[in-house]
Amino acid sequence: MKIGVMGGTFDPIHIGHLLLGEFAYEAFDLDEVWYLPNGNPPHKEAEITKEALKHRIKMVELATESVPYFKVSLHEAEIGVHSYTYQTMGTFCEMYPDAEFYFILGADSLFSIEQWKYFKEIFPTCTILAAMRDDKDIEDMKHQIAYLRETYGARIELLRAPLLEISSTKIRERAAKGLTVHYMVPDAVADYIVKQSLYKTDKDEDSHDR
Ligand code: ATP
Ligand code: MG
């Protein structure tokens, strides 16, 4: 079994995340792609983040349910204790000793990976598939990949996927302004954002309108 793991905050999941999964599945002949929503950071226990986590998970489920090889892993979301990427991937390797894991990420994450907790521990657990992102240059990416390979013995491959100038941040900004997010997220996710009034800066004002 070759398993892709796509970690993210997914606040909300968007078509950039889904296309990465799809292209990784195709190019690396994967059997499954697991979408892995991050849990809440250890210090943030507030009700508001718990509520947001519930919505993040629901949207990942809505976005992936029609694709048989896309699965949702609640390992980090439900663990109760915060799990870093290296811990999660280590656990997956122990749980599925016959599987080969591919961790999928975008270029911004490739450049920030040395800031991740115990990032060196991630490399023995998986091959990293790094996709382009609109604000990063392909030559810079190739340098970063070569650097991580040489310095840490990391297994990293370039993942070619369509370049989309889309981010969860931009989607939240649009939703906050009451603009449509259709076509940036699957229809079911767009509907969910509207129905649950997500990302509204002033929810009270909104409910007075109804
Ligand atoms: P935010 O704006 O809140 O940071 P995001 O769109 O970057 O959200 P994340 O949940 O932070 O989404 O990202 C999860 C992973 O998906 C990261 O590895 C990120 O690099 C990658 N990713 C997100 N959007 C894209 C995109 N449009 N193209 C390529 N990679 C992407
Ligand atoms: Mg991000």
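Pro12 lies in the loop that runs from strand E1 (2–8) to helix H1, helices (H or I, at least four residues) and strands (E, at least two) being DSSP runs that are numbered from the N terminus. The peptide bond that joins Asp11 and Pro12 is cis, with an omega of about 5°. This is a predicted model, in which local features need pLDDT of at least 70 and side-chain atom pairs count only at pLDDT 80 or more, while totals for chains, interfaces and linings use all residues. Residues are numbered from 1 along each chain as its sequence is written, and chains are lettered from A and ligands numbered from 1 in the order in which they are written.

Most residues other than glycine have a negative phi, and most peptide bonds are trans. Asp29, which is not a glycine, has a positive phi of about 55°, and its place is the loop between H1 and strand E2 (32–37). Tyr199 also has a positive phi, near 70°, and is found in the loop between H8 and helix H9 (203–209). As to burial, a residue is buried if 20 or more other C-beta atoms lie within 10 Å of its own, exposed if 12 or fewer, and partly exposed in between, with C-beta atoms placed from the backbone. Asp29 counts as exposed because it has 8 C-beta neighbours inside 10 Å, whereas Tyr199 is buried because 21 other C-beta atoms lie within 10 Å.

## The chain as a whole

The protein chain holds nine helices and six strands, and its C-alpha trace spans about 60 × 35 × 35 Å along the principal axes. The radius of gyration, taken over C-alpha atoms, is compared with a globule rule of 2.2 Å times the number of residues to the power 0.38. For 210 residues a compact globule would have a value near 17 Å, and the 18 Å of the protein chain agrees with this.

Buried residues make up 34% of the 210 residues in the protein chain. Two residues are in contact if their C-beta atoms, placed from the backbone, lie within 7 Å. Of the contacts in the protein chain with a separation of 6 or more, 75% are between residues 24 or more positions apart.

A residue is near a molecule if its C-beta atom, placed from the backbone, lies within 6 Å of it. There are 18 residues around ligand 1, of which Gly8, Gly16, Gly106, Ser168 and Thr169 come nearest. Two or more residues of this shell are given by each of helix H1 (15–27), strand E4 (100–106), helix H5 (107–112) and helix H7 (168–176), and the largest share, three residues, comes from H1.

For residue classes, Ala, Val, Leu, Ile, Met, Phe, Trp, Tyr, Cys and Pro count as nonpolar, Asp, Glu, Lys and Arg as charged, and the others, Gly among them, as polar. By this division the shell around ligand 1 has six nonpolar, nine polar and three charged residues. Thr169 has its place in helix H7 and is exposed, with 9 other C-beta atoms within 10 Å.

## Packing of H2 against H8

Helix H2 (residues 47–64) and helix H8 (residues 187–195) pack at an angle of about 150°, with their axes 8 Å apart. Axes here are lines fitted to C-alpha atoms, for helices over the stretch in contact, and angles run from 0 to 180 degrees between N-to-C directions. H2 and H8 are therefore roughly antiparallel to each other, a term used for angles over 145 degrees.

On the H2 side Lys58, Met59, Leu62 and Ala63 take part, and they meet Ala188, Val189 and Tyr192 in H8. The residues of this contact divide into six nonpolar, no polar and one charged.

Ala154 sits in the loop between helix H6 (138–152) and strand E6 (156–159) and is partly exposed, with 19 other C-beta atoms within 10 Å. Leaving aside its neighbours within four places in sequence, Ala154 is in contact with Phe123, Ile128, Leu148 and Arg149. Ala154 and Pro124 are 30 residues apart in sequence and 7.3 Å apart in space, C-alpha to C-alpha.

Val67, in the loop between H2 and strand E3 (70–72), counts as partly exposed with 13 C-beta neighbours inside 10 Å. Asp137, in the loop between strand E5 (127–131) and H6, is exposed, with 10 other C-beta atoms within 10 Å.

Methods: Parallel < 35°, antiparallel > 145°, perpendicular 65-115°, else oblique.
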